[in-house]
Amino acid sequence: MIEVVLNDRLGKKVRVKCNEDDTIGDLKKLVAAQTGTRADKIRIQKWYTVFKDHITLKDYEIHDGMGLELYYN
């Protein structure tokens, strides 16, 4: 289990526990459950790299305690 921190830069910081073999789509569903926003309206990125839904966290080298950016479409 790893913990990922997502910050939307509007004052909301979400901590999500997930597995490294989960996909970005699974991470979006977990964030949606905590924030009340629909999963299809969430975009997760790091700097200018927008993460695709079907790729796993391990493939993107997302580790425990890593911070990601959370945007709403």
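User: How many strands form the sheet, and in what order?
Analyst: In this predicted model, 5 strands make up an open sheet, ordered β2-β1-β5-β3-β4. The pairing is mixed.

User: Which strands stand at the edges?
Analyst: β2 and β4, the latter spanning 49–50. Each has a single partner strand, so one side of each is left without a neighbour in the sheet.

User: And how do β1 and β2 run, and how many bridges join them?
Analyst: They run antiparallel, joined by 6 bridges. Within that pair, Leu6 stands opposite Val14 in β2.

User: Where does α1 pack?
Analyst: On the sheet, where α1 touches β1, β2, β3 and β5. The direction of α1 makes about 130° with that of β2.

User: Switching to the core. How many residues does the largest nonpolar one have?
Analyst: The largest nonpolar core has 17 residues. Those with the most contacts inside it are Val4, Leu6, Leu27, Ile44, Leu57, Ile62 and Leu68.

User: Which elements each supply at least two residues of this core?
Analyst: β1 (2–7), β2 (13–18), α1 (24–35), β3 (42–46) and β5 (67–72). The largest share, 4 residues, comes from α1.

User: Take Ile44. What does Ile44 touch, not counting residues up to four places away in sequence?
Analyst: Leu6, Leu27, Lys28, Thr49, Val50, Phe51, Leu68, Glu69 and Leu70. Leu6, Leu27 and Leu68 are also among the core residues with the most contacts inside the core.

User: New topic: Thr56. Where is Thr56 found, and is Thr56 buried or exposed?
Analyst: Thr56 lies in the loop between β4 and β5. Its relative accessible area is 18%, and the cut-off for buried is under 20%, so Thr56 counts as buried.

User: What does the Thr56 side chain make a polar contact with?
Analyst: The side chain of Asp59, at 3.0 Å. Leaving aside neighbours within four places in sequence, Thr56 is also in contact with Glu20, Asp21, Asp22 and Thr23.

User: What about His63, where is that found?
Analyst: His63 too is in the loop between β4 and β5. With 46% relative accessibility, His63 counts as partly exposed.

User: Which residues does His63 touch, apart from those up to four places away in sequence?
Analyst: Ile2, Glu3 and Glu20.

User: Last one. How far apart are His63 and Gly25 in space?
Analyst: They are 17 Å apart, C-alpha to C-alpha, with a separation of 38 residues in sequence.

Key. Residues numbered from 1 in each chain as written. Predicted model: local features only at pLDDT ≥ 70, side-chain atom pairs only at ≥ 80, totals over all residues. Heavy atoms only, no water. Core = buried A, V, L, I, M, F, W, Y, C linked by side-chain atoms within 4.5 Å. Buried < 20%, exposed > 50% of the residue type's maximum accessible area, 1.4 Å probe, protein only. Contact = heavy atoms within 4.5 Å. Pairing = 2+ DSSP bridges. Axes fitted to C-alpha atoms, helices over the stretch in contact; angles between N-to-C directions. Polar contact = N/O pair within 3.5 Å; in protein donor to acceptor, adjacent residues only side chain to side chain.
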